[in-house]
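I opened the notebook to record what I looked up in this structure, going residue by residue and then element by element.

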Amino acid sequence: MTDSLTHFNDQNRAKMVDVTDKAVTHRVATATGQISMHPATLQRIHDGQIKKGDVLAVAQVAGIMAAKQTSNLIPMCHLIPLTGVDIHFSDNDTDTITVDVLVKTKHVTGVEIEALLAVQVTLLTIYDMCKAIDRGMLISDIHLVEKDGGKSGHFVYHDTPES
């Protein structure tokens with residue numbers, strides 16, 4: 001882990017990092033998160049019985065749209081031409097849906113924030129579509145799983161902090 005923060009200018013004010021001289025490389029990031037709910041809510045999602053429509057289809061599109069809009073929402077993120085966004089859903093057949101997002105680009109900066117934002121918006125969309133029947137849903141465990149490419153290389157999440 002580096003100690004220097006690059007988002008400050010010589011006046012110690014926020015700036016967008018200059019990536020002009022960085023090499024274009026293939027970059028990929030995977031992020032994940034979960035939403036827990038009442039078992040009856042998950043069953044209604046499975047059965048297509050949510051009044052607002054196909055929950056997972058709408059959430060998937062929302063997540064993709066979010067990844068594409070990251071630089072509009074996170075002030076110091078660069079506008080990145082994404083080459084792929086893939087969202088997968090799994091569940092435990094009881095009360096929890098897990099969302100996994102893979103984002104790819106060939107550019108000068110990484111796509112970790114795009115992957116994390118896509119996970120969060122996907123989960124928030126599930127919440128929004130189901131809140132009429134279950135306001136106690138819990139969004140949790142959102143984190144970067146893996147990233148590769150660029151100067152900082154390869155990162156894989158571990159449950160315990162690295163020393």
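I began with the contacts of Thr96: leaving aside neighbours within four places in sequence, Thr96 is in contact (heavy atoms within 4.5 Å) with Gln34, Ile35, Ser36, Leu42, Ser90 and Asp91. I note that this is a predicted model, in which local features need pLDDT of at least 70 and side-chain atom pairs count only at pLDDT 80 or more, while totals for chains, interfaces and linings use all residues. Residues are numbered from 1 along each chain as its sequence is written, and side-chain values use heavy atoms, with hydrogens and water left out.

**Thr96.** I placed Thr96 in strand β3, residues 96-107; helices (H or I, at least four residues) and strands (E, at least two) are DSSP runs numbered from the N terminus. With a relative accessible area of 11%, Thr96 is buried, a term I use for under 20% relative accessible area, with exposed for over 50% and partly exposed in between (1.4 Å probe, protein chains only). The side chains of Thr96 and Ser36 are joined by a polar contact of 3.2 Å, that is, a pair of N or O atoms within 3.5 Å, of which, within protein, one must be able to donate a hydrogen and the other to accept it, and residues adjacent in sequence count only if both atoms are side-chain atoms.

**The sheet.** I then traced the open sheet, whose five strands come in the order β2-β3-β1-β4-β5 with antiparallel pairing; two strands pair if DSSP finds at least two bridges between them. Its edge strands, each pairing on one side only, are β2 and β5 (155-156). Between β1 (residues 25-36) and β3, which run antiparallel, I find twelve bridges, and the bridge partner of Thr25 in β3 is His107.

**Helix α1.** In α1 (residues 39-46) I listed Thr41, Leu42 and Ile45 as buried. These residues cover an arc of only 95° around the axis, which puts them on the same side of α1; the arc is that of the directions from the helix axis to the C-beta atoms. Their cover includes α2 (55-68), β2 (82-91), β3 and α4. After α1 comes Gly48, with a positive phi near 70°.

**Helix α2.** The buried residues here are Val55, Ala59, Ala62, Gly63, Ala66 and Ala67. They fall within an arc of 135° seen down the axis, so they line one face of α2, whereas the face turned away from that buried side carries the exposed residues Met65 and Lys68. I recorded α1, α3 (70-73), β2 and α4 among the elements that cover the buried residues of α2.

**Helix α4 and Asp128.** α4 has 19 residues and reaches 28 Å from its first C-alpha to its last, close to the 27 Å expected at 1.5 Å a residue, where the expected span is 1.5 Å times one less than the number of residues. Asp128 is found in α4, residues 112-130, and is partly exposed at 35% relative accessibility. An unreviewed UniProt entry carries the annotation "active site" for Asp128; I keep in mind that such annotations may be inferred rather than shown by experiment.

Which residue in the loop between β2 and β3 did I look up? Asp93 is found there, with a positive phi near 60° although not a glycine, and is exposed at a relative accessible area of 63%. Asn12, likewise not a glycine, has a positive phi of about 60°; Asn12 is found in the segment before β1 and counts as exposed at 62%.
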